[in-house]
Amino acid sequence: MAVILNAPSSFRFTAEVGPERHLEGARLLGADTRGAGATDAGEVLAGELIRIMRAVGMPNGLSGVGYTDDDVAALTEGAYPQQRLLQNAPREMSKPVLADLFRHAMRYW
């Protein structure tokens, strides 16, 4: 659940580095990617993930499991030491970026 609740926010962030891979992922999940371009990739993949989340009854982002904007600092501080994972990100990860990702993952619909 931790992965899927953060995935739409994260893929919106990482799409600019590999838009073709993001579009392929969206297509494999069932999205209609015809006509989608590189600048659409993050939103197309995020939208398909959100569609699936809603279809299977997942909580609506981090707020759906009880987190609020007041928790962003603690979430960031807790996640930032996980450098083994963060260093695999295709874009540079910093505490401000991580905090923004958590903020954007609070609510999707």
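Let's start at D100, which at 37% relative accessibility counts as partly exposed. Keep in mind as you look around that this is a predicted model. D100 has a charged partner: R103 forms a salt bridge with it, and the closest N and O atoms are 2.8 Å apart. The two residues sit three places apart in helix 6, so about one helical turn separates them. R103 is partly exposed as well, its relative accessible area being 42%.

Staying with helix 6 for a moment, turn to K95. The side chains of K95 and E77 meet in a salt bridge, at 3.2 Å from N to O. Here E77 belongs to helix 4 (residues 72-79) and K95 to helix 6 (residues 95-104), so this pair ties together parts that are 18 residues apart in sequence. E77 is partly exposed at 45% relative accessibility, and K95 is partly exposed too, with a relative accessible area of 34%.

In general, side chains of opposite charge can pair when their charged atoms come close. With nitrogen and oxygen required to lie within 4 Å, the count comes to six salt bridges. Another of them joins R34 and D32, whose closest N and O atoms are 2.8 Å apart.

Which residues form a nonpolar patch on the surface? They are M1, V65 and Y67, and together they have about 280 Å² of accessible area. Y67 counts as partly exposed, at 35% relative accessibility. That value is over 30%, so Y67 passes the accessibility cut-off for patch residues.

The side chain of N6 reaches the backbone oxygen of A2 at 2.9 Å. What else does N6 touch, once its neighbours within four places in sequence are left aside? N6 is in contact with L62, F102, A105 and Y108. One of these contacts, F102, brings us back to helix 6, which spans residues 95-104.

Key:
Residues are numbered from 1 along each chain as its sequence is written. This is a predicted model: local features need pLDDT of at least 70, side-chain atom pairs count only at pLDDT 80 or more; totals for chains, interfaces and linings use all residues. Side-chain values use heavy atoms; hydrogens and water are left out. Helices (H or I, at least four residues) and strands (E, at least two) are DSSP runs, numbered from the N terminus. Buried means under 20% relative accessible area, exposed over 50%, partly exposed in between (1.4 Å probe, protein chains only). Patches are made of residues with over 30% relative accessible area and no salt bridge: like charges are joined within 9 Å, nonpolar side chains (Val, Leu, Ile, Met, Phe, Trp, Tyr) within 5 Å. Accessible areas come from the Shrake-Rupley method with a 1.4 Å probe; for residues, only the protein chains shown count as cover. A polar contact is a pair of N or O atoms within 3.5 Å; within protein, one must be able to donate a hydrogen and the other to accept it, and residues adjacent in sequence count only if both atoms are side-chain atoms. Contact means heavy atoms within 4.5 Å.
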